[in-house]
Amino acid sequence: MICSICELDPSSHSLKKISENENMTIYYTCPAQASKYYDSSGIIHHYNNELNTIKSEKWMWIVDCSGYSLKHLMQHQVGIGLGELISKKHSHHLEKICIINPNWYIYSMCSIVWPFLNKKVKSIILYDNKEYISNLENMS
């Protein structure tokens, strides 16, 4: 099902399926590339619809933080909503979340979202900075 907002403007929400076979589906997102980065309900609806289409046994999510800035951090409802959605509905077959190009703003967002994630999701997040994730795990 195509997101009606993205049908009109494909740059609205950033979530792209970059690979799919019977064993693994890989998604890529770069929040700084989303023109409607503030559209919390639209983004959550888009992700839920897309993740409902997964046909493979497992999936992986690559989150590219290039360009992630204060204006994105201010939209913490998006992060919390996605954290809850993934934890409550789409974590069963989720293998890994790879956060690439992290910066101070995404670390702050992760600190905000951390309490809303289930244990499995917390355990499969990979950052470039291993010390940071260790500190988050100690908060649990």
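A cavity is found on a 1 Å grid over the protein atoms alone: it is a set of points where a 1.4 Å probe fits but cannot get out.

**Entry: ground rules**

I am reading a predicted model, where local features need pLDDT of at least 70, side-chain atom pairs count only at pLDDT 80 or more, and totals for chains, interfaces and linings use all residues. Residues are numbered from 1 along each chain as its sequence is written, and side-chain values use heavy atoms, with hydrogens and water left out.

**Entry: the chain**

I looked up the helices and strands, which are DSSP runs numbered from the N terminus (helices: H or I, at least four residues; strands: E, at least two). The protein chain has seven helices and five strands. Along the sequence I read the pattern α-β-β-α-β-α-α-β-α-α-β-α.

Next I checked burial. Buried means under 20% relative accessible area, exposed means over 50%, and partly exposed is in between (1.4 Å probe, protein chains only). Of the 140 residues in the protein chain, 48% count as buried.

**Entry: the cavity**

How many cavities of 30 Å³ or more does the structure hold? I found one. The largest cavity has a volume of about 500 Å³. Here a volume is the space filled by probe spheres set on the points, and grid points are joined across faces, edges and corners.

Then I listed the lining, meaning residues with an atom within 4 Å of a point. The largest cavity is lined by 29 residues. Trp61, Val63, Gly79, Leu82 and Ile106 lie nearest its centre. The elements that give two or more residues to this lining are α2, β3 (58–64), α4 (76–89), β4 (94–100) and α5. Helix α4 gives the largest share, five residues.

I sorted the lining by class. Ala, Val, Leu, Ile, Met, Phe, Trp, Tyr, Cys and Pro count as nonpolar, Asp, Glu, Lys and Arg as charged, and the others, Gly among them, as polar. The lining of the largest cavity has 22 nonpolar, seven polar and no charged residues.

**Entry: the cores**

A nonpolar core is a set of buried Ala, Val, Leu, Ile, Met, Phe, Trp, Tyr and Cys residues joined through side-chain atoms within 4.5 Å. The largest one here has 30 residues. Trp61, Ile97, Ile99 and Ile125 have the most contacts inside it. Helices α2, α4 and α5 and strands β3 and β4 each give two or more residues to this core. Another core lies apart from it, with six residues, among them Tyr28, Cys30, Ile62 and Cys98.

**Entry: salt bridges**

My rule was a side-chain nitrogen of Lys or Arg within 4 Å of a carboxyl oxygen of Asp or Glu. By this rule I count two salt bridges. Glu20 pairs with Lys17, their closest N and O atoms being 3.4 Å apart. Glu50 also forms a salt bridge with Lys17, at 3.7 Å between the closest N and O atoms. Shared partners join Lys17, Glu20 and Glu50 into one network.

Which of the three residues are buried, and which partly exposed? Glu50 is buried, at 19% relative accessible area. Glu20 is partly exposed at 39%, and Lys17 is partly exposed at 34%.

**Entry: helix α5**

I looked at helix α5, residues 104–113. Ile106, Tyr107, Ser108, Met109, Cys110 and Val113 are buried there. Tyr105 also lies in α5, but counts as partly exposed, at 28% relative accessibility. Which residue caps the N-terminal end of α5? Asn103 does, with a side-chain oxygen 3.0 Å from the backbone nitrogen of Tyr105.

**Entry: two loop residues**

Asn101 sits in the loop between β4 and α5. Its phi is near 55 degrees, a positive value in a residue other than glycine. Most residues other than glycine have a negative phi. Asn101 is partly exposed, at 38%.

His93 is in the loop between α4 and β4. His93 is partly exposed, at 41%. The C-alpha atoms of His93 and Glu57 are 6.5 Å apart, though the two are 36 residues apart along the chain.

Definitions and conventions:
Polar contact = N/O pair within 3.5 Å; in protein donor to acceptor, adjacent residues only side chain to side chain. 1 Å grid on protein atoms, 1.4 Å probe; cavity = no way out; pocket = protein on both sides within 12 Å on 5 of 7 lines; lining within 4 Å.
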